[in-house]
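Me: Please take a close look at one spot in this model for me. I'd like to hear about a single residue and then the part of the fold it leads to.

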Amino acid sequence: MCRLSVRVVILAFTLTLLTQSTLSAQGPRKKVEPPPPPGPVELPTKDGLELSGYYFGSNKGKAAIPVMIVHEWKGQKAPYGKLCIALRDAGCAVLALDYRGHGGSREYTDPRGETQEFDLERMRKQHVLAIVKYDLDAAKAFLEKENNEGKLNLNALVVIGIREGCVLAAGWTQRDWSFVPVGTRKQGQDVKALVLVSPERLLKGVPIETSIAVPTVASLPIMMVVGEGSPEQSDTDRIYKRVEAAKKKLTGGKDPEGLELLQVKQPLGGPFLVNESAQVIPEIVKFVTSQVPISETDNPWIER
């Protein structure tokens, strides 16, 4: 019994030494810094508005994929907290904004210096175009500052649109890709993927087809999410076929790559589809993190 006990002690001691040796070879574990706490941000536009945003920063620095969330018409950023947190937990830097006339961005100052409130019922096509030109540009300007501080990689930007916000997201993506580099200075072409949730075709007379079939937009990885039997089902089917045709045209008739359709077997749409389906948020996170690689050769970090 004594000999057996001695052998057990020797074996245990040897295993301990081996374990300590392995840990020493690996070196001390690197402490992973938690992401910064999220918080509200102000987004000034070039035409004089102050928009309300909420920002979820990343702890991955220059390897962080930035994501911009564009809510539906007559909606706001508030319902998309769960999506923002899931993307942040996956290492993304997420900005959700209220564009003009919505949520915390309903007020503006008129030329007389008086505070006025947007009337959604009176907003027209020119307001939609202003959102694309000024509001989403203001969101990108915020992300550009974060990029230059090494807190994210703007060259790997993803835009998520919901319902009519898909028209805005696609329109702004087309705008972003219209800015060609000037010498070595990069001005645009930063959007590297689109996610369209419950997409609708029209917003105040502005059609999504104008943007979605443009080669620079159609060539991007695009994910569409729709609830079966929802009011957006018909529009989603049409948009999907249009993008599929545009992608096939770009590839000479081959099966299109980078086009995903998630059909949830519930007639949900918009924020309800995002928050009440167990599939949607995980699949969006998977799409974003798998379709937008970051390396020295794929979407490398660039100072602006």
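Reply: Let's start with Ser-277, which touches Val-264, Gln-266 and Phe-272, leaving out residues up to four places away in sequence; contact here means heavy atoms within 4.5 Å. Before going on, please note that this is a predicted model, where local features need pLDDT of at least 70, side-chain atom pairs count only at pLDDT 80 or more, and totals for chains, interfaces and linings use all residues. Residues are numbered from 1 along each chain as its sequence is written, and side-chain values use heavy atoms, without hydrogens or water.

Ser-277 sits in the loop that links helix 8 (270-276) with helix 9 (280-291). Helices (H or I, at least four residues) and strands (E, at least two) are DSSP runs numbered from the N terminus. With a relative accessible area of 6%, Ser-277 is buried (under 20%; over 50% is exposed, in between partly exposed, with a 1.4 Å probe and protein chains only).

Val-264 belongs to strand 12, and Gly-227 stands opposite it. Strand 12 (residues 259-264) runs parallel to strand 11 (residues 222-227), and six bridges join the two; strands pair if DSSP finds at least two bridges between them.
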